[in-house]
Structure formats: C-alpha cells, structure tokens
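Welcome to my notebook. I jotted these entries down while looking around, and you are welcome to follow along.

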Amino acid sequence: MQALLDVILPVFLIIGFGYVAAWRGLFNESAVEGVMRFAQNFAVPVLLFKSISGLDLAASWDPRILVSFYTGAFLSFGLGFAGSIWLFRRPATDAVAIGFCCLFSNSLLMGIPITERAYGTEALAGNFAIISIHSPLLYGFGITLMEIVRNHGRGTSPARVALAALAGIARTPLVIGIAAGLAVNLTGLPVPGVVGAAVAMMASAALPAALFGLGGVLLRYRPEGDFRTIAMVCVLSLVLHPAVAYATGRWGLGLDTAGMRSSVVTASMAPGVNAYLFANMYGAARRVAASSVLIATALSAFTIWGWLAILP
C-alpha cells in the first residue's frame, strides 16, 4: 500500500497545487489555458516521441497480452459511450469523450512504476508491449470516431468523413509525436545528442505541467450534476476493464503469470491526464473528464491494491 501511495500521492500534490493556485487567484483562467495548451500541443507530444522512440518493440511481444488488455479497453469504451447517450442523454460528442475516459488507462505514469514496484523491472516487458501501441491505437480510434460524429448529419459523404478523420488525426500534435517516435524507432535513425537532451528537458516538463494545469481546470469544471456519469467512468475503468483483462487472459488465452500481471495491472489504472487532454481538444465533456481523472485516481489506490492481491 505504501508503494502505491508513493506513486499516487505526488500526482495529487501537483493537481492540488494547481487547484489552490487558481482558487487563490495566483493563476488566472488564461494562464491555466496557456499551461494546458503548452502541455497538449508541445510537451506531451514530445514526451510521447521520447517514450516510443526508445521502446524495444520486439521484446516479449505476446499478442495474447494485447488481446487481453484491449478487449477490456474497447468493451469499456462501448459501454461508456452507450451509457452516456441512453442513460444520461449526453450529445454524441460528449459520449465519445466520456467513452475515451473509460478507454484510456494511465499506462505510463502509473502503470509502469506500480508494476515495477510490485514485481520488479523484469516484469515490465508486457507493459512496454501494451504501451507501444496504446496511444497510436486509442488516439487514432478516438479521433476518427469524434470526426465521424462531428460530421454526421451534415450531408457529408462517407469518403469526405473519412478524409476529415484522417486530416484530424494527421494534424493532431499528440499523434504527430507518436508517429515521429515510431519512425525513429523502426528506422533506427540516430537522434543527435543535443536534440536528445532538448527532448528530454521538454518531456520532463510534460506531466507536471499537464497535472498542474488540470488542477486549475478542476476549479472551473466541478462535478455538480455529473456524479452518476463520473461513477460510471470509475466503475468501467477501475473494475470492468481489469476484470475483462483477467478473465480473458486466464481462462480464454492461457496467459502466463508475467503476461497476466502486465495486462491486469495496466488495465486497472485510472484514466490518464490524456483523457482530459482529448476532451479539452474537442471541448466535449471536459468537466466529466477532469473530475473522472481526479476521482478515479483517488479510488485506484484501493482498487489497484485489490487487483494486486488477486494476481499471483
């Protein structure tokens, strides 16, 4: 439990610092927007580039781990999307953003350190396999679906919708960072030392800036009236996703112990700050996304503890 708090508590301290700074008027609304724009358009894409360009994509690549993890992820998205529309009467754009919160686990910021603390560095191979396609796959899916939803009913042909979706993906800074990282990784293109140093400096600012900005955002997007929607996101991301990963891996695919640990622990993570960045990028369900990241992260201190107790 102490190891989990060592990972989670610093995150809350940064978010709380941003919240208090905004609340006390030390950081006004335009400053919060500026920090979030810096994180979303510059620092986080550089972080994704750095992380993906340095991954060993061939190490311990077991398709069963991916099937186990992503079956639960997309089932959670589908239920979150359907529940947002049918139970809570949200517009389709909000439903996509809320579903994305259920879909996008915090695989990097929390998944890696918690797995390492629980099982050691040698247990991370499966985590890296998941991370290598996590952002490209999920952002590609989310952006495509959002572009389709936004163009629906405008008399636009399917071909034009597809082109709009592709254009939306291609010009998104987060996806550009992912694509550049994959290009460097797959081609083996050397990164000059001075460039690598600059990338490392920018990447080191990404998560603190995003979390601090999120604290300021939480002051504006409070959870009044959205508690049931937030509760749905928490249940789907913290309970259903890891439960499906566990059942699929153990009884459907026969995953070994290492694979089960990587799949289930990563699936049990709360929605990452990227879930809010996605909602903020489209101006959809931002209050639900921001509150879900905060509340689910707090609850995950207990749910992750439970999943670690169940795993061998």
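How many of the 10 residues of α12 are buried? I looked this up and found that 9 of the 10 are buried, so α12 is largely enclosed by the rest of the structure. Buried here means under 20% relative accessible area, exposed means over 50%, and partly exposed lies in between (1.4 Å probe, protein chains only). Helices are DSSP runs of H or I with at least four residues, numbered from the N terminus.

A note on what I am reading: this is a predicted model, in which local features need pLDDT of at least 70, side-chain atom pairs count only at pLDDT 80 or more, and totals for chains, interfaces and linings use all residues. Residues are numbered from 1 along each chain as its sequence is written, and side-chain values use heavy atoms, with hydrogens and water left out.

**Entry: around α12**

I listed the buried residues of α12, among them Val 273, Tyr 276, Phe 278 and Tyr 282. Their cover includes α2 (29-53), α4, α6 (125-151), α9 and α13, where contact means heavy atoms within 4.5 Å. Just after α12, I saw that Gly 283 has a positive phi of about 65°. Ala 285 sits in the loop between α12 (273-282) and α13 (286-310). Its phi is near 50°, a positive value in a residue other than glycine. Ala 285 is buried, at 9% relative accessible area.

**Entry: another positive phi**

I then turned to Arg 89, whose phi is near 55°, again positive in a residue other than glycine. Most residues other than glycine have a negative phi. Arg 89 lies in the loop between α3 (63-86) and α4, and it is exposed, with a relative accessible area of 68%.

**Entry: salt bridges**

I searched the whole structure and found 5 salt bridges. Each is a side-chain nitrogen of Lys or Arg within 4 Å of a carboxyl oxygen of Asp or Glu. Which parts of the chain does Asp 226 link? Arg 287 is partly exposed, at 32% relative accessible area. Salt bridges that share partners join Arg 90, Asp 94, Asp 226 and Arg 287 into one network.

I also noted Arg 64 and Asp 62, whose closest N and O atoms are 2.9 Å apart in their salt bridge. Arg 64 is partly exposed, at 31%, whereas Asp 62 counts as buried at 17%.

I found Gly 196 in helix α9 (residues 193-220). Gly 196 and Lys 50 are 146 residues apart in sequence and 8.4 Å apart in space, C-alpha to C-alpha. Gly 196 is partly exposed, with a relative accessible area of 29%.

Key. Helix = DSSP H or I, 4+ residues; strand = E, 2+ residues; numbered from the N terminus.
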